[in-house]
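Reader: I'd like to go through the ring contacts in this one. Can you take me through them?
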Amino acid sequence: MQLKIYNSLTGEKEIFKPILEGNVGMYVCGPTVYSNVHMGNVRTFMSFDFIYRTLMHLGYKVRYVRNITDAGHLTDDGDVNNDRFVKQSRLEKLEPMEIVQKYTVDFHNVLKTFNNLPPNIEPTATGHIIEQLELTKNLVEKGLAYESNGSVYFDVLEYNKRGLNYGELSKRNIDELFANTRDLDGQHEKKNPQDFALWKKASPEHIMKWPSPWGEGFPGWHLECTAMSTKYLGETFDIHGGGMDLKFPHHECEIAQGKACYGHAPVNYWMHANMLTLNGQKMSKSTGNTILPMELISGENNFFEKGFHPSVVRFFFLQAHYRSVVDLSNDALIASEKGFNRLMEAVKWLNGQSANSQQPTANSEWLNSWKQKCYGALTDDFNSPILISHLFEMVSFIFKLKDGKESISKEDLEDLKATLNAFVYDVLGLQNVEESNSEKLDGTLQVLIELRNQARKAKIYELSDQIRDKLLAEGIELKDGREGTTYVIN
């Protein structure tokens, strides 16, 4: 079956034709690591984890690149001396790179908890300053960027004058953009309100800054993704993904930078995961309508009657298409939990059956037809909810087998086991609750060890000793060594 992907650039499903046959280059915008990863982020990264798993299952060799943004994010007021990393470092009384490390670790721990596979390459913005400077110089030399008071901006009007089309991804009219823009970012420096920063001048007291031909400063947000995606995937690559909220201005700016630098479109297929709401309302810190991943898992929150296993949450998300808005609610998760348990019960029973325990019958044609429907869902723009509906058709058949109302041949039983396990574990990325308990314990202990280390670093010895002693009382001994802290369960 031919794989079809919905391309956000054209607004249509298109037959996927990779640049290099059998290979896929995929870049996904990663987190900005100045705070805990939130559930909306988790939904986006889980969607692309499913897409990554599906591509590999379909036989593609995938190079999956996902960045870490650890510099260059301004607050909404446009104050270059108050970017989000510096602001958070002041609040927590830590160095900006301590903030970066703290929340990068949190990001990795959370995605591991939800059984996301790591990308092949995970570059950081601060690790690619040279590449961003080279791109900026390139754009200045081409007359598509200009220096102003130590900062460098992309010239959107000049870009459009050359027959290019800023606004093609988000389908926005450039004249309307200029008319409706409230300039918050360096309005006295920019030629036009829509011009965006490639490099920002840093004041003497600014902590995160690097030397450049225009003076000390730091990179703009949009530039890092162009620099890192093209370095590891080439000047044109197959798939670029991210959340719907990044379509404008971030991805729009990436297209402009790529076309301006290389003379052609940087990406063939743009993919966007849709938003997550909580109890029918937009998630927002300011209104309190928000929940962190670990609060959802533990049940320590005001929205849900209990905690939910990470695989139940994953199953819930995948019951909706990645392009659909998903509403997170107590009733929806309870229903998903019941469905998840029924699916896993069927898989567990099937895997326990021996090849000789069933009588031969002519189910091969039906089984092959079922497999084709499953692959039809996967290749139709990664349609996870349709795939899951087909899996439940098989669940009904499995329970009939269990009750002796159906039978299956030896060959078909082994084929069904292999296929069902591949869809459930490899493609959907679900886990058995029993099998993941040990991993959950390890993850929990690593969090406690990290909290204890932070307490010791802050010289809050009473708290660090309390964590150690309470774990010891539960039979878990912490051992501090040169390589870090380990634990032994007695």
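**Aromatic contacts**

Author: Y166 and F196 are both buried. Keep in mind that the model is predicted.

Reader: How many aromatic pairs does the structure hold?

Author: The structure holds 17 aromatic pairs. One of them is F154 with F196, a stacked pair with 4.8 Å centre to centre and 10° between the planes.

Reader: Which parts of the chain does that pair tie together?

Author: F154 belongs to strand β6 (residues 151–154) and F196 to strand β7 (residues 196–201), so the pair ties together parts that are 42 residues apart in sequence.

Reader: And F154, buried or exposed?

Author: F154 is buried, as is F196.

Reader: Back to Y166 and F196. What are the distance and angle for that pair?

Author: Y166 and F196 are stacked, at 6.3 Å centre to centre with 25° between the planes. The centre distance is within the 6.5 Å cut-off for a pair, and the angle is under the 30 degrees that counts as stacked.

Reader: Where does Y166 sit?

Author: Y166 is in the loop between α5 (156–161) and α6 (174–180). Its partner F196 is in strand β7, 30 residues apart from Y166, and the pair links distant parts of the chain.

Reader: Which residues make up the cluster?

Author: F154, Y159, Y166, F196 and F248 are linked into a cluster by ring pairs.

Reader: Switching to charges. What sits over the ring of F45?

Author: The charged end of R66, 5.6 Å from the centre of the F45 ring.

Reader: And which residue lies over the face of Y146?

Author: K191 does, at 4.6 Å from the ring centre.

Terms used. Residues numbered from 1 in each chain as written. Predicted model: local features only at pLDDT ≥ 70, side-chain atom pairs only at ≥ 80, totals over all residues. Heavy atoms only, no water. Phe/Tyr/Trp six-rings, centres within 6.5 Å; stacked < 30°, edge-to-face > 60°. Helix = DSSP H or I, 4+ residues; strand = E, 2+ residues; numbered from the N terminus. Buried < 20%, exposed > 50% of the residue type's maximum accessible area, 1.4 Å probe, protein only. Lys NZ or Arg CZ within 6 Å of the ring centre and 35° of its normal.
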